[in-house]
Amino acid sequence: MLQNDLLLRTLRGETTERTPVWMMRQAGRYLPEYMVLREKYGFFERCQTPELACEITLQPVDIVGVDAAILFSDILVVPQAMGLEVQLIESKGPFLPDPVKTAKDLTRVRVPDVHETLGYVMDAIKLIKQELNGRVPLIGFAGAPWTLLCYMVQGKGSKTFDEAKAFCYTQPELAHQLLQMITDTTIAYLKAQVKAGADTVQIFDSWGGLLSPHDFETFSLKYIRQIVAAVKEEVPTIIFAKGAWHSLDSMAATGAHGLGIDWCIKPEMARQFAGNNVTLQGNFDPAKLLSPIPVIQKEVKDMLRAFGPGRHIANLGHGILPNVPVDHARAFVDAVKEFRHA
Ligand code: CP3
């Protein structure tokens, strides 16, 4: 039994006494307690050791007081499980030394048994659920197929992911094969997370907004739709496709319970596009957490009023930045928790 189920009730469309709040990438580098563990262990070591993943997952719950925990892991453990080498390079980000460029490269990629390759994630989830002891729900997650393809083809981060796009536009058959393999892996992976105890799942399509509305349907939403259909009867499901506000209507039509939005769209506009049968999540500018605390407090109120009561989860419009002071993160969370709609 959960003591605080505000997030789940809001996703199901129930009215709650106040708006729930969590922050994307809340388990990470702005927390000094995380930095201590970062000194001692490598990134994937932290992901693969259930005790460490558990400790890091719980940090923002204990330190900042969010209404949900999100599993400490990374979207790139899926390409790893599918057979690609993934490194995380200090101050540079993800690096895949042998990305997928040709049909021959694709023969190195497989749809794995997720229990064999990612069993450590399910072990972490079981441990986290035990340690949370019902305080708040646990969010499981995976990357959207398009965002994972971006890294699997480009081999590293990019502002444009032009090589990933060129792959899709010049070798569409190969691209669709790869996207379907990622989709099949992700469905099995999210179902396993739910079985292990995840209370809800979020699909991160961080680079969905790089595609035109038409290409977003072709290379991203087509696959997200399959994932949502496979898990939405089991747990509430959230899609966060950064920048893809043009497709809020078709994302709502997938039957997802929640849709994440970034700070570049007005809440009232997002509501108009998404309709009334879905919960919106967002959309505070992550850099705004660098403002003085009174400014954060005022802008949180403005945001909550703009979304109105019900069907809203307060969050940032993208991940928290590493240089945000912890007391600013806490001020954001507290301002949401103190607010009541008239
Ligand atoms: O939300 C959470 O706190 C849970 C853990 C989580 C991480 N990554 C831990 C992490 C989640 C949900 C992610 C998702 C993720 N990973 C996304 C989608 C969300 C987004 O921000 O767009 C993406 C695109 C990635 C890929 C990735 N992993 C990048 C680009 C980087 C390097 C740059 C960065 O943002 O840190 C990572 C590394 C990573 N993943 C770190 C953490 C805490 C930093 C590792 C470190 O240096 O300690």
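This is a predicted model: local features need pLDDT of at least 70, side-chain atom pairs count only at pLDDT 80 or more; totals for chains, interfaces and linings use all residues.
**Reading local geometry and helix packing**

User: Is L31 buried or exposed, and which residues is L31 in contact with beyond its neighbours within four places in sequence?

Analyst: Buried means under 20% relative accessible area, exposed over 50%, and partly exposed in between (1.4 Å probe, protein chains only). L31 has a relative accessible area of 0% and is therefore buried. Contact means heavy atoms within 4.5 Å, and, with neighbours within four places in sequence set aside, L31 is in contact with Q26, Q59, P60, I63, V64 and V326. The C-alpha atoms of L31 and I56, which are 25 residues apart along the chain, are separated by 9.6 Å.

User: How should I read the packing of α4 against α7?

Analyst: Two packed helices are described by the angle between their axes and the distance between the axes. Axes are lines fitted to C-alpha atoms, for helices over the stretch in contact, and angles run from 0 to 180 degrees between N-to-C directions. Here the axes of α4 (residues 50-63) and α7 (residues 114-132) come within 8 Å and cross at roughly 45 degrees, which makes α4 oblique to α7; angles under 35 degrees count as roughly parallel, over 145 as roughly antiparallel, 65 to 115 as roughly perpendicular and the rest as oblique. The crossing of α4 and α7 is right-handed, a term for a near helix turned clockwise from the far one by less than a right angle, with anticlockwise giving left-handed.

User: Which residues of α4 and α7 meet?

Analyst: P50, E51, A53, C54, T57, L58 and V61 in α4 meet Y120, D123, A124, L127, I128, E131 and L132 in α7. By class, this contact of α4 with α7 has ten nonpolar, one polar and three charged residues, where Ala, Val, Leu, Ile, Met, Phe, Trp, Tyr, Cys and Pro count as nonpolar, Asp, Glu, Lys and Arg as charged, and the others, Gly among them, as polar.

User: At what residue does α11 bend, and what do the buried residues of α11 pack against?

Analyst: The bend at a residue is the angle between axes fitted to the seven residues ending there and the seven starting there. Helix α11 (residues 213-231) bends by about 45 degrees at S220, and S220 is among the buried residues of α11, which also include F216, F219 and L221. The buried residues of α11 pack against α8 (145-154), α9 (162-170), α10 (172-196), β5 (200-205), β6 (237-241) and α12 (248-252).

User: Which backbone values call for a second look?

Analyst: Most residues other than glycine have a negative phi, and most peptide bonds are trans. S91, in the loop between β2 (87-89) and β3 (93-95), has a positive phi of about 60 degrees although it is not a glycine, and S91 counts as exposed at 74% relative accessibility. R311, in the loop between α14 (293-307) and β9 (312-316), has a positive phi near 50 degrees, but R311 counts as buried at 17% relative accessibility. The peptide bond from G282 to N283 is cis, with omega near -10 degrees, and N283 lies in strand β8 (residues 279-284).

Definitions and conventions: Residues are numbered from 1 along each chain as its sequence is written. Side-chain values use heavy atoms; hydrogens and water are left out. Helices (H or I, at least four residues) and strands (E, at least two) are DSSP runs, numbered from the N terminus.
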